[in-house]
Amino acid sequence: MPQTCRCGQEAIILEARAPGPNQGRWYWRCAFNACRFFCWDESPHQFIRHPVEAYSSGNTLSGKRWDLGKGYTPATLSTVNNVESDFNPLNRSKTKVVFSLVSDSYITVEYSESPTILPVIKNIDHISWNEQLSKWVIPATLYAYKKAIKALPVNTPNLQIEIEPIPQPIIHTLLVNPIQIKNTYKEETESFGDDDMIDMDVMDRWSKFVESDIYSQLKEFQREGVKRAIERKGRLLIANEKGVGKVDEALAIAAVYRNEWPILVVCPEVLCLTWKYAIQQFFDLDDDEVQHLQEVKANTFNPSTVVKRKKQTTIRRTKKQRQINSQNVENDEEYIVNEEEKEEEEEEVIYKNSKPAQFYVVNHEVATRRRNLLKNVRFKMVICDGTQFVKARGNIHTKAFVTFLGDHPRLIMLSDTASHCLPAELFTGIQAVAPQLVSTFDKFAKRYCDPKQYIFGWIYDGKRNTEELDYILEKIIWHSPKMIDIASQLPRTIYETITAHIKREEKVNTDIDTTLSVMEQTRIYMDMYEKTWQAKKKFIKSYFEYISQSFKESKIAIVLYHNEGLTEFKEYFNSKEIKFADVCNFDTIDQECQNFNTTVRIALIDMKLSGLDPGCLCAADIVICCEAPLQRSKAKQIESYFESEDRIGPLFIKYLMAPNTLDDIQWPIPDNTNDYE
């Protein structure tokens, strides 16, 4: 019943919203906060809306409000003496109930912080409290989900329920038994039962892959990635932490679909030649079979041909000129009446590709700009590396490029950083690999990004429904093994050769006259070493920018020989206000090494410097050797600077090598077996 406060005025009734044992209870207090009147209202049940308020807001169609006598109306409603006046129904916040598919077994049911809905939640069939998840859960079946939706009384006047269902594309994709490949890592003799959902194409491709030589060359986590790609019909985001083993994994998947070649490879400009040589080595292909396209034109993909024709050279001479060269012009058999003479005849052979191209490698910029020409080729499979840079979702070119990728039957995307990205940064990758799952970014952001509106617009740097998003990524989108789980399968040091692209006029002649003295040969050799540095210094800077943007959490060490390169990097770091450890001066070695191992992310190291102790730069995750050391022993010494027993995962050492320079005749770069021979 209505209460009167100590002021003699009618008190107002409110609901306790603060978390705690009294949340949801109703209480009376002074309407003007003039006195300290307070008392609990024991008339309504604590888990329903107060009857006074419910009746008043529920009788809006008649234009009248309920009056319990003595002119009482709920304090949250305006008091108007004219009952015929317009009435604005109560505008209260609703209790949101969110369903999320988090595993093969469970759908979670969450609701906003209010116990008002608790009895209704407990009434749902098959619902239970999961201690591990600390949430209410129902079985992950379509039947249980639909029944739970129907059990919520959204139209009840005294309950304000807003349901956020599981998106319909996810229901269609995941609330059924997905095709799984039987575990064939070991020999099996058991047959499939009648209830097993079998895709014969999937099983056939997996069986052939297990029997191939490539299977034995891969690590266990790479085989799992190939398995998932086959299960998902050749659509996968390879998100190995730090990008370890991603190239071989992608090429192994390409081998599974060899009957669908040629394949388009799209990657950052600095990786084009590296991809080209990696493909040639992996499949033992000729240079013509792997084409690096610096530009795409209408006739780029025409069939390869070999053309042979006669080339004739004619020289015009007057009769007077012929008389000078011959005493008897009339008897000259070579004389031509029309004053033309065939002086020379030779065969000109124009060689085009003798073998059809199996791979086309193109950079992101060209692929985006020439996407319509590439689309007309109708590639059945595309490999896209560096997808961490394809995330400008608002850019019209990015949208068109993502659509272009998603339209291909097979798509393998590779990312070095996807496992650490925010949901908003994963949107373009998800949209490309599984376009049926997401339609617009707004819907995706509302469910997974916890968007917030500020004065300058919306911010999407949050996370929401992370369990469901993680489940979708693992089930449909990516293969993302963690470094801590695969470290035992990897060597302590992983060597990578990065092929630098140089201009044609920057090629270095590496011929040395062995008859010269040793001193003269050394001088010529050092001159070639200088020219090699000049040829690839622009590429070195571009590659560093790529690495620093891709691996923002990793510590990077840059090793250089030439003082010019060291100076240019110092000026670059200073201009960008990037803190770095300057390991170029013997007097400050200890302090700079300590700075790198503790706070600074980048170290610049002079290759000529000696006196560094093994393990002095043990915090390094990635080492970029911009120039190959002159001796093998020096390379081993430099690598010893980065030794560490506490490092989780391998040390990545990347040698930047330029073809048609001194790098071609330098000592061979070590492979991943730590063998220099």
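Me: Is Ile 648 buried or exposed?
Reply: In this predicted model, Ile 648 lies in the loop between helix H21 (632–640) and strand E25 (651–657). Its relative accessible area is 56%, and the cut-off for calling a residue exposed is over 50%. Ile 648 is therefore exposed.

Me: Which residues does Ile 648 touch, not counting residues up to four places away in sequence?
Reply: Asp 621 is 27 residues away from Ile 648 in sequence, while the two C-alpha atoms are 9.5 Å apart in space. With residues up to four places away in sequence left out, the residues that Ile 648 touches are Met 483 and Ile 484.

Me: Which residues of strand E24 lie on each of its sides, and are they buried or exposed?
Reply: In a regular strand the side chains alternate between the two faces of the sheet. In E24 (residues 622–625), Ile 622 and Ile 624 are on one side, with Val 623 and Cys 625 on the other. Both faces of E24 are covered, and these four residues are all buried.

Me: What is the handedness of the crossover from E24 to E25?
Reply: E24 pairs with strand E21 (residues 556–560) in the parallel sense over four bridges, and Ile 556 stands opposite Ile 622 there. E24 also pairs with E25 in the parallel sense over four bridges, where Ile 624 has Lys 654 as its bridge partner. The chain passes from E24 through H21 to E25, and this β-α-β crossover is right-handed.

Me: Is Thr 428 buried or exposed?
Reply: Thr 428 belongs to helix H14 (residues 423–433) and, leaving out residues up to four places away in sequence, touches Val 390, Lys 391, Arg 393 and Val 402. Its relative accessibility is 5%, and the cut-off for buried is under 20%. Thr 428 therefore counts as buried.

Me: How is H15 oriented relative to H16?
Reply: Helix H15 (residues 441–448) packs with helix H16 (residues 466–477) at an angle of about 125 degrees, and their axes are 9 Å apart. Because of that angle, H15 is oblique to H16. The contact is made by Phe 444, Arg 447 and Tyr 448 of H15 together with Glu 468, Leu 469 and Ile 472 of H16, and by class it has four nonpolar, no polar and two charged residues. The orientation asked for is thus oblique.

Me: Which strands stand at the edges of the open sheet of five strands?
Reply: This sheet has the order E6-E7-E5-E4-E8, with mixed pairing. Two of its strands have a single partner strand each, so one side of each is left without a neighbour in the sheet. These edge strands are E6 (128–130) and E8 (161–164).

Me: Which strands does helix H3 touch?
Reply: Within the sheet, strand E4 (residues 95–101) runs antiparallel to strand E5 (residues 106–111), the two being joined by five bridges, and Phe 99 has Val 109 of E5 as its bridge partner. Helix H3 (residues 142–151) packs on the sheet, with a direction that makes about 125 degrees with that of E7 (135–139). The strands it touches are E4, E5, E7 and E8.

Me: What is the bridge partner of Ile 13 in E2?
Reply: An open sheet of three strands has the order E1-E2-E3, with antiparallel pairing. Strand E1 (12–15) pairs with strand E2 (residues 26–29) over four bridges. Within E2, the bridge partner of Ile 13 is Trp 28.

Key. Residues are numbered from 1 along each chain as its sequence is written. This is a predicted model: local features need pLDDT of at least 70, side-chain atom pairs count only at pLDDT 80 or more; totals for chains, interfaces and linings use all residues. Side-chain values use heavy atoms; hydrogens and water are left out. Axes are lines fitted to C-alpha atoms, for helices over the stretch in contact, and angles run from 0 to 180 degrees between N-to-C directions. Angles under 35 degrees count as roughly parallel, over 145 as roughly antiparallel, 65 to 115 as roughly perpendicular and the rest as oblique. Contact means heavy atoms within 4.5 Å. Ala, Val, Leu, Ile, Met, Phe, Trp, Tyr, Cys and Pro count as nonpolar, Asp, Glu, Lys and Arg as charged, and the others, Gly among them, as polar. Two strands pair if DSSP finds at least two bridges between them. Buried means under 20% relative accessible area, exposed over 50%, partly exposed in between (1.4 Å probe, protein chains only). A crossover is right-handed if, with the strands pointing away from the viewer, the path from the first strand over the helix to the second runs clockwise.
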